Amino acid sequence: MDSTTQPPIVFTAETITEAQVRAFHEAVGSTETKEIPSTFATRYRKAEFEWLDKVDAELKGLLHTDQTFEILVPLKIGDTPEVSTSVLEAKNRRSMRFFTLLTEVRCQGVLKVRSTTRFVVREGA
């Protein structure tokens with residue numbers, strides 16, 4: 001299967017609430033509770049793991065190499081995120097597979113967050 005030609009995995013997340021933001025701040029040990037931190041977007045990585053299942057990646061051989069978040073417009077309470085994750089690049093080298101995934105978070109049609117993540121999967125690990 002050529003992962004890069006597959007349609008993206010799309011889902012609608014729960015509307016962002018004050019309680020979710022407060023719980024996130026508590027979980028990361030933040031004392032700031034008014035603003036939504038840029039790291040809040042990590043909540044929308046569900047489709048990344050669905051892609052890994054789709055390409056039969058065994059978690060015991062998985063290495064998450066890096067992740068970047070580009071905040072284009074800050075998320076806000078009341079937003080209902082629409083999340084789309086697609087495979088930008090998939091390569092095979094020897095007994096390893098390399099994946100680059102792109103996740104975009106839109107709210108009411110506005111692109112707010114773009115994230116790129118990279119994984120290496122060692123076959124037979």
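Colleague: What makes β4 and β5 a hairpin, and which residue in the turn has a positive phi?
Modeller: β4 and strand β5 (residues 110-122) pair in the antiparallel sense over 12 bridges, and two residues lie between them. Two strands count as paired if DSSP finds at least two bridges between them, so 12 bridges meet that definition. In the turn, Gln 108 has a positive phi of about 50 degrees. This is a predicted model, in which local features need pLDDT of at least 70, side-chain atom pairs count only at pLDDT 80 or more, and totals for chains, interfaces and linings use all residues. Residues are numbered from 1 along each chain as its sequence is written, and side-chain values use heavy atoms, with hydrogens and water left out.

Colleague: Which residue of β5 is the bridge partner of Val 105?
Modeller: Val 113.

Colleague: Why is strand β4 called largely enclosed?
Modeller: Because nine of the 12 residues of β4 (residues 96-107) are buried, that is, under 20% relative accessible area, with over 50% called exposed and the range in between partly exposed (1.4 Å probe, protein chains only).

Colleague: Why is Thr 117 called buried?
Modeller: Thr 117, in strand β5, has a relative accessible area of 0%, so the value falls under the 20% limit.

Colleague: What makes the pairing of the side chains of Thr 117 and Gln 67 a polar contact?
Modeller: The distance is 3.4 Å, and the definition asks for a pair of N or O atoms within 3.5 Å; within protein, one must be able to donate a hydrogen and the other to accept it, and residues adjacent in sequence count only if both atoms are side-chain atoms. The backbone oxygen of Asp 66 also lies 3.4 Å from a polar atom of the Thr 117 side chain.

Terms used:
Helices (H or I, at least four residues) and strands (E, at least two) are DSSP runs, numbered from the N terminus.
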